[in-house]
Amino acid sequence: MFRSFALLPLLALSATALAQTTPAARNAALNAPLPADQAAMKAHVMFLASDAMKGRDVGSPEFDIAAQYVAAQFYAAGLKPMGDEGGYLQKVPLTGYKIAGEGSASWTAAGGAAVPLAFGKDFTPAANPAVKATNVAAPVVFVGYGLEAPQYGLDDYAGVDVRGKIVAYVGGAPAGLPSEVSATFGSAAARQSAAAKHGALGVIAIADLRKAGRGAPSFAAVTKGYAAERITWARPNGTGNATGAPLLGTLSPAGGAKVFGRQWRALAKGAARKTLKVRPATAAGTLSIASATSYRPIASSNVVGMIPGSDPALGKETVVLSAHLDHVGVGAAVNGDTIYNGALDDGIGIASLIEAAKRFKTAAAPKRSIIFLAVTAEEKGLVGSDYFANHPTVPIGDIVADVNLDMPILTYRFEDMVAFGGDRSTLGPIIARAVAGIGVGLSPDPMPEQAIFVRSDHYRFVQKGVPSVFLWPGEKGLGKAAIATFMDNCYHKPCDDLTQPILWDQGVRFVDANYRIAREIADAPQRPVWNKGDYFGLLFDGPMAN
């Protein structure tokens, strides 16, 4: 979810010292008595991040046990089951899909014979999650970035007819865009969506035309990983969920030269500039692509519980608190350890979810309903939350906000909090008031270049127009160094376990902040709305963005 930070080894000595003690001393330290509220939170993480859970990988028996544990805790907290068939589990039919074989591609120039495009040299196909067999033959139109955002001066489809054609684009995003917008544009999905809107049959990327740092993965990298399995949720016929025109594959510069002929030199030169300036170009001929996709069904579950709202009018509206239950499982050994336990990522987020639910159940009922949602397959691309957003167990129009709890790093006493995306909607002031109640302020995004707002489960609600935020302890005081230490040393590594110097009193403070935020949203007279003119509110047709 995040790239590496600079090394700041503030806490590494504490974790190392604990890891190097004798087993008896280590157990004594891990099992030292704590106040009841801290012990309750730690107990959840002790179970979820234990070696017995083997990293809670999606599709594993251990993940299913973890899901049953969360369901049991929801039951103990008195939550109403909101999963399937009157239970807490919402079945999520996942599918692992990958390309079968190397496929085939050829270019037929107008009036000429078909010229094969060599696999791994000219063209590398992409798996199409939506169908088992892909066969496309159509003209190719180059449309620059293949993006539309008039408010940022982007309209690559202006005056271009791509109906019934294949769209070719270069990866990356234009310089000068806000990081979160740039990250949204940087995905193939953005091109696929725009191409489908204009009637294209599919899209292809053209690699290696942009300098390092401004483009998509190199052609060599695409070819190396082309057969890797990817995961999405499955439709009833067993194929994968997909939106937009299908990504058919990637052309190398050599393949691009074969397809675009005499136009290629000018196209490549223009695409290599810092500011891409290339007019749309239609290749004179037909590109034919054939490929096959194989599927592997994977059973998993979200866990869903609710506190019903007490207000006759507002009670049908729902606030969602979310966290992801999965981690990355068992992997390469690091210092002899192969289990990637996921204590902070996101065992502690799930523990916070459970403890926040318990606080609500012992307090006065909120006016709006509150759903507590533990999702699967976040580590596979926000898949479980995407499934819930597309198959919600309450009407999606009644969901007024999502507050996401993903990987709070609680190895220091936090002095501020960050609500990624809070400045985009009326959630920002609500959160500022709530965290002030625990004696901290709300700080702006300290790492805007990483576009975190679009990189965790709350974003699937944003894509449905729901104002949403991702809550994190901030960088003030010891925070910046502590966050950097975790990211450099233990993020997605076996040492993300209970040997870390987790401060459980800070976990209780984090739960308190989340309770206050959800309580204020639930009891407010008006539902949250996007700020007028906000990019994401407009993009996904959210309330009040216009």
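Colleague: Buried means under 20% relative accessible area, exposed over 50% and partly exposed in between (1.4 Å probe, protein chains only). So which residues of helix α6 are buried?

Modeller: In α6, which spans residues 188–197, they are Ala 190, Arg 191, Gln 192, Ala 194 and Ala 195. Helices (H or I, at least four residues) and strands (E, at least two) are DSSP runs, numbered from the N terminus. This is a predicted model, where local features need pLDDT of at least 70, side-chain atom pairs count only at pLDDT 80 or more, and totals for chains, interfaces and linings use all residues. Residues are numbered from 1 along each chain as its sequence is written, and side-chain values use heavy atoms, leaving out hydrogens and water.

Colleague: What covers those buried residues of α6?

Modeller: The cover includes helix α5 (179–185) and the strands β8 (148–149), β10 (166–170), β11 (202–206) and β13 (247–251). Contact means heavy atoms within 4.5 Å. After α6 comes Gly 199, with a positive phi near 85°.

Colleague: Switching topic, how many residues are in the largest nonpolar core?

Modeller: There are 78, and Phe 74, Val 303, Leu 325, Phe 372, Met 417 and Ile 521 have the most contacts inside it. A nonpolar core is a set of buried Ala, Val, Leu, Ile, Met, Phe, Trp, Tyr and Cys residues joined through side-chain atoms within 4.5 Å. Helix α10 (residues 343–361) is the top contributor to this core, with 10 residues. A second, separate core has 46 residues, among them Ala 138, Ala 190, Ala 283 and Trp 530.

Colleague: And what does Val 303 touch?

Modeller: Setting aside residues up to four places away in sequence, its partners include Ala 67, Val 70, Phe 74, Tyr 88, Leu 325 and Phe 372.

Colleague: Is Ser 301 buried or exposed?

Modeller: Ser 301 is buried, at a relative accessible area of 11%. You'll find Ser 301 in strand β15 (residues 285–307). Beyond neighbours within four places in sequence, Ser 301 contacts Phe 63, Leu 89, Gln 90, Lys 91, Val 92 and Thr 376.

Colleague: Last one: at what angle do α3 and α4 pack?

Modeller: About 160°, with the axes of α3 (residues 36–48) and α4 (residues 61–76) 10 Å apart. Axes are lines fitted to C-alpha atoms, for helices over the stretch in contact, with angles from 0 to 180 degrees between N-to-C directions. So α3 and α4 are roughly antiparallel; angles under 35 degrees count as roughly parallel, over 145 as roughly antiparallel, 65 to 115 as roughly perpendicular and the rest as oblique.

Colleague: Which residues meet there?

Modeller: Ala 43, His 44, Phe 47 and Leu 48 in α3 meet Ile 65, Ala 66, Tyr 69 and Gln 73 in α4.
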